[in-house]
Amino acid sequence: MTAHQESAPRPPHQVLDGTDIARVITRIAHEIVERAKGAEDVVLLGIHTRGVHLARRLHTRLAQITGRDIPFGTLDITMYRDDLRLKPARALEHTEIPPGGIDGRLVVLVDDVLFSGRTIRAALDALNDIGRPRAVQLAVLVDRGHRELPIRADYVGKNLPTSLREAVQVRLADRDGVDAVLVGDRDFAAASRPARSEESSRALAAQSTEPHLPE
């Protein structure tokens with residue numbers, strides 16, 4: 001193998017497929033019910049964008065498990081990000097808090113990938129302007145490490161060790177037409193197509209036409 005081949009950017013490969021993601025959602029739903037002793041005071045808040053789709057799926061599974069309609073809402077953290085001035089302008093999303101609010105409730109924030117922790121810090125700041133929950137927990141589909149803040153997830157679908165040269169892309173059928181988690185080198189993404197304005201810590205700007213089987 002030549003030196004050029006050894007240093008060539010690695011294309012994205014699939015680490016979770018649709019079956020894996022469905023299994024993860026079911027497991028996390030059961031863990032929430034167990035830890036929250038029935039989830040009677042739980043409120044789910046999905047962080048835009050893909051966290052909303054994951055939270056909606058959790059909402060459905062929790063309803064099936066508990067027989068109750070768990071309050072569900074969405075959270076836009078755009079104006080609370082600490083990199084707001086460093087990146088292209090983003091369209092504001094919709095924050096929707098359930099009618100009962102979050103005061104005195106156990107709020108479970110839902111996101112797709114936990115990386116530096118700055119997205120979650122922004123979400124906590126946003127919550128502070130909305131109400132005073134009894135407690136806040138975090139559920140993520142993937143924890144890829146490299147934390148910059150003392151934040152950890154309470155519910156993790158998959159711990160996925162990565163290097164900083166890698167990027168993680170979560171695809172969800174609700175938005176992307178397919179359920180999958182891909183990992184690939186950022187350099188490959190940059191070389192494959194023009195850069196786009198996405199969450200840099202969570203998005204992989206390349207799509208593999210023939211993803212590898214799950215690892």
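Trainee: What makes the backbone nitrogen of Ala173 and the side chain of Asp179 a polar contact?

Mentor: The nitrogen lies 2.7 Å from a polar atom of the Asp179 side chain. A polar contact is a pair of N or O atoms within 3.5 Å, one able to donate a hydrogen and the other to accept it, so this pair counts. This is a predicted model: local features need pLDDT of at least 70, side-chain atom pairs count only at pLDDT 80 or more, and totals for chains, interfaces and linings use all residues. Residues are numbered from 1 along each chain as its sequence is written, and side-chain values use heavy atoms, with hydrogens and water left out.

Trainee: Is Asp179 buried or exposed, and how do you know?

Mentor: Its relative accessibility is 17%. Buried means under 20%, exposed over 50%, with a 1.4 Å probe and protein chains only, so Asp179 is buried. Asp179 is in the loop between helix 5 (173-176) and strand 8 (180-185).

Trainee: What makes strand 4 and strand 5 a pair?

Mentor: Pairing takes at least two DSSP bridges. Strand 4 (residues 106-114) and strand 5 (residues 135-143) have 8 and run parallel, so they pair. One of the bridges joins Leu109 to Leu138. Both strands belong to an open sheet of 5 strands, in the order 3-2-4-5-6.

Trainee: Why are strand 3 (72-75) and strand 6 (155-159) called edge strands?

Mentor: Each pairs on one side only.

Methods:
Helices (H or I, at least four residues) and strands (E, at least two) are DSSP runs, numbered from the N terminus.
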